[in-house]
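Please keep the sequence and the structure in view while reading.

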Amino acid sequence: MNPETLLLLGLSALAVVAAVRWVGEKTGLPGAALLPVIGILYAVLPGPNLELDPHIVLTFILPPLLYSAALDSSLLAIRNNLRIVIGLSVLLVLATAMLIGAGFALFVTGATLAAGVAVGAAAAPPDPVAALAVGRKVGLPPRLITIIQGEGLLNDATALTILNVAVAAAVNGHFSFPSAAGRFLLAAVGGTAVGVVVAFAVRLLRPIARDALLANAISLATPFIAYLAGEKLHVSGVLAVVVAGLIVGHDTPRSGTGASRLQTSAVWRLIDFVLEGLVFLLIGQQLPEVLRGLKQYSGGTIAIALAVSVGVTLLLRPVWLILTQAMHLLLRREDEGLHPREIAALSWAGTRGVISLAAVFTIPLTTDSGAAFPDRDLLLFCTFVVVLVTLVGQGLTFAPLVRLLKLRHNAVDEATMRNEARAAAVHAALDRLDDLEQDEPGERAEIESLRRKLQERLRRYQHRLDVLNSADSDELPVSERYEAGLRIRRLAIEAQREELLRRRDAGTLPDEALRRLERELDHEERVLPDRPA
């Protein structure tokens, strides 16, 4: 494929991703579910098509997506829900892979246990992008968001390690459970250690990288460094990326500068938007590749293989959640347990994605003896169907399910918590001004001016708290005074921006000065709460 055709395909894909996002905002449909369908429609048309290169996905796409998700996660919240997260991201992935492997060995003609475990490992890890996008939009409670995030961060490392063990067993014909367990433990411990070291190195560089652009360069390089270091040391590079991202994200509010945080956040949001959109579009385009080798299998064999793969994937998750909940009750850990409605939501949040396809495409064509890898084409097809069924089926129905279950976070409690924190921060600033007034009496005029501004801000926060405390439902109350204040502040910013543009157009304000002054107004506008246009 020549560069011009590749560029045209890339631009067309980006246009489709942007259009699907616009449609999603207007209709509420998740783009992660719509894009694979569009990819399939494109794949059956004549013309150039992009085939998934698993090594490019695992090396260039997976690390930044995982790192960005880790930066956006809460290390403390994941730690508080660690038992549930580990159960879903490690034990459930392992159980899914083993059960699908046993099903293939027992019911699929000619299939081996190792080949079945390989497809099970590829199909096991949920990709939470679709579930999280829908969950945040419909107001899923923060604890469920944390569990889905934590599971999505850690399960890829588990699945890829199991896949490597299963493929090695299928290739050389030998499987040793102690050896497999040892490799898994080494990969997990080693990957965690590498992630900690990389995060510590980033922390050491923070005092040097005060410039926002330099801080962004370090942030962009970090996931690739962590991944490559893990892979070179033959441990889990995926886990190294996740651990590094969680620690760096936890440290960023304390050690980063305001400018670097604003810019880094914007850069990672753009990367997420582009990469996630392209990989979901790429999933659908793999249809011709996965159908190519199915002619050698009978319809019955394909149907049984699909029943095992899709059935275990869909049914084991709710069974697992119910059993672990029963165990929590037996051990008197009600505080760590889940409500039946939460179990139902988490059961339907197991959408699969590009990692599953990339993983199964890494299965080699031949074994050590030179024979074809057993049932490779069937494994590709089963994984593709699992991804499609969960991504489209669960992705499109997750929002109605959450609404039916009436699972919503308490918006009033969250807004109250934020405003209490804002008020406490202003009190801390006023206390600091009192100390400065004693230490530097010559700066009294400037201190008093700032004190008046902070006190006015404190009065706004207190008024908002009074409105929130008087609310009689979980929905955010509307305060006419608060909304009027927001509207007036926006109008004032708009007037300032129009005056700056008038001066630029009249030739009295250079463009460089305009951009600097407009950036100040943009930061001021950015802190205002979003409201529908």
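## A buried aspartate

In this predicted model, Asp272 is buried and yet takes part in no salt bridge, since the nearest side chain of opposite charge, that of Arg269, is 8.1 Å away, whereas a salt bridge would need a side-chain nitrogen of Lys or Arg within 4 Å of a carboxyl oxygen.

Asp272 belongs to helix H12, which covers residues 258-284. When neighbours within four places in sequence are set aside, the residues in contact with Asp272 are Leu65, Ser68 and Gly277.

Gln285 is placed in the loop that runs between H12 and helix H13 (287-291). Is Gln285 buried or exposed? Its relative accessible area is 10%, and because buried means under 20%, Gln285 counts as buried.

Again leaving out neighbours within four places in sequence, Gln285 is in contact with Gly39, Ile40, Tyr42, Ala43, Asn49 and Leu50.

## The crossing of H3 and H16

Helix H3 (residues 54-71) and helix H16 (residues 354-361) have axes that come within 8 Å and cross at roughly 140 degrees. Since angles over 145 degrees would count as roughly antiparallel and those from 65 to 115 as roughly perpendicular, H3 and H16 are therefore oblique to each other.

The crossing of these two helices, H3 and H16, is left-handed. On the H3 side the contact is made by Pro54, Val57, Leu58 and Leu62, and on the H16 side by Val354, Ile355, Ala358 and Phe361.

How values were computed:
Residues are numbered from 1 along each chain as its sequence is written. This is a predicted model: local features need pLDDT of at least 70, side-chain atom pairs count only at pLDDT 80 or more; totals for chains, interfaces and linings use all residues. Side-chain values use heavy atoms; hydrogens and water are left out. Helices (H or I, at least four residues) and strands (E, at least two) are DSSP runs, numbered from the N terminus. Buried means under 20% relative accessible area, exposed over 50%, partly exposed in between (1.4 Å probe, protein chains only). Lys and Arg count as positive and Asp and Glu as negative; His and the chain ends are not counted. Contact means heavy atoms within 4.5 Å. Axes are lines fitted to C-alpha atoms, for helices over the stretch in contact, and angles run from 0 to 180 degrees between N-to-C directions. Angles under 35 degrees count as roughly parallel, over 145 as roughly antiparallel, 65 to 115 as roughly perpendicular and the rest as oblique. A crossing is left-handed if the near helix is turned anticlockwise from the far one by less than a right angle, and right-handed if clockwise.
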